[in-house]
Amino acid sequence: MTASNENLYALFENRFPADRSWPFIEIPGGRTWSYGDLETESGRIANRLRSLGVSPGDRVAVQVEKSPEALFLYLACLRIGAIYLPLNTAYKAGEIGYFLGDAEPRVFVCDPAHAAEAQGLAQKAGVAHVETLGGDGKGSLTEGAVGESADCETAQAATDDIAAILYTSGTTGRSKGAMLSHGNLASNALVLHESWGFEPSDVLLHALPIYHTHGLFVATNTVLLNGSAMIFLARFDPNQVIELLPRATVFMGVPTLYVRLLEQTGFGAETCRSMRLFVAGSAPLLPQTFEEFKARTGHTVLERYGMTEAGMITSNPLRGERVAGKVGPPLPGVEARVAGEDGTVLGAGEVGILEIKGPNVFKGYWRMPEKTAEEFRPDGFFVTGDMAVIDEAGYVAIVGRSKDLVISGGFNVYPKEVELAIDALPGVLESAVIGLPHKDFGEGVTAVVVGEAGAAPDETGIIAAIKDELAIFKVPKRVFFVDELPRNAMGKVQKNALRERYAGTYDSPTRES
Ligand code: AMP
């Protein structure tokens, strides 16, 4: 008896509409790709990758602008059993060099504009092939795929086989590659599809990046399971979203996108007349945004909570009460509990670290077995690092983070990495990086610096230097100078004191801040 194929693509394929001319992706003012086109295009790219020597288990690293072809590349990797490794488009050469060295992909697909730099990085890391793919779908990858056959038998995969690696930022400045299996992604997509009541007639307005779990897995995988259509925006533009919402039924966004929509005077109930569901997550949705959205549109945003390592973990209900400031009960099949630092499980109403278990929880960090072991309890629960409280009704509220992660505009910034970059600048003695409340970004990355008298660069100089080093979302929006950092008796920097001192920094943020 042959084992059933647990390849995620096989699951999607089973759910594709019988009529393959049904639309999958539409670019506003441009082309529409049907489910039949999806099969053809991803089949050709899959065969192109095979021609480049990509075998099951090989990594394919991808740093490209959002495009339908980028999604076909993701599906092509699934189809041949390769591991898809998407990278944030904001990453700079130094960061990419690390990912290539760590993941050792067989192929690196980059934007045509970065081809020369990518060649150098790839050569250093021993990556066999560099291919290009632009936001317009053009590049050596798709050119090479033209001559390939569109037929591609889906590779056999077991539930535990790795489908994707997504890098999270590391608390020690080193990123960790979260290994997600076909089973992890399939279970989460199936649960979300069911819990959020997807129907074949749904149309998702897709305005998120596709290198992150939210836009790639939460949004795209549910649509693929549903065999329905999505309107695909290259980037979030509030005016374009307002123009297209009347043709959509589902929208997913990080809280910043909801804040931006509410800033538009033309946004209201009329714009949302065809909508059935607004989903928010990746960072806390402020209760004031939740309330304002309800008052303006009549819609109650459904807030859910998740992370790269586990996909979606909790969700407010589709039917039932959606509570502002809470992320809802665990999704079906997911167990959640709150525990102390020592692992003692706490009761309802007590604040502790959220621990979770379920088929959605990742297989571990790529080539970091010790780090992986540290994050799991002996009974298999994963320690999320988020501080939470679970109420009597089973609703989870995220109240903070046990590690001092900053989330700016939905992106995770680990202070250590930014501190190391600042400390390396001439004239800087030490620094502390914190997140401060910011109306637009949720948190604004802020640096507090101790410099050598007269020798340290000023605020503008530090910001300019870090911009060259790190992705823009990690760059401090403000830099403050102090004579010394506040420390506790154990010598640890008291970041809480700094957060309090500079709390009002972004009370009236400018658009550029
Ligand atoms: P990422 O791995 O980039 O998806 O980031 C995961 C982290 O984002 C989680 O560990 C939480 O700290 C945070 N997060 C995600 N969703 C929410 C939410 N709805 N409310 C509060 N924090 C969230």
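Which helices and strands each supply at least two residues of the lining of the second largest pocket? The legends below start there. This is a predicted model, where local features need pLDDT of at least 70, side-chain atom pairs count only at pLDDT 80 or more, and totals for chains, interfaces and linings use all residues. Residues are numbered from 1 along each chain as its sequence is written, and side-chain values use heavy atoms, with hydrogens and water left out.

**View 1. Elements around the second largest pocket.** β4 (83–86), α8 (213–226), α10 (255–263) and α14 (459–469) are the ones that each put in at least two lining residues. The largest share, three residues, is from α10. Helices (H or I, at least four residues) and strands (E, at least two) are DSSP runs, numbered from the N terminus.

**View 2. Inside that pocket.** The space here comes to about 1,100 Å³, counted as the space filled by probe spheres set on grid points joined across faces, edges and corners. A pocket is an open set of points on a 1 Å grid over the protein atoms alone, where a 1.4 Å probe fits, with protein on both sides within 12 Å along at least five of seven lines; lining residues have an atom within 4 Å of a point. Of the 42 lining residues, P209, Y211, G409, F411 and I472 lie nearest the centre.

**View 3. Where the two domains come together.** Domain 1 (33–158) and domain 2 (406–501), with bounds from an automatic or database domain assignment, have centres 35 Å apart over C-alpha atoms. Contact (heavy atoms within 4.5 Å) takes five residues from domain 1 and 10 residues from domain 2. Both domains give residues to the lining of the second largest pocket, so the pocket lies between them. Across the interface there is one salt bridge, that is, a side-chain nitrogen of Lys or Arg within 4 Å of a carboxyl oxygen of Asp or Glu.

**View 4. A salt bridge between E39 and R20.** Their side chains meet at 3.1 Å, N to O. E39 sits in helix α2 (residues 35–51) and R20 in the loop between α1 (8–15) and β1 (23–26), 19 residues apart.
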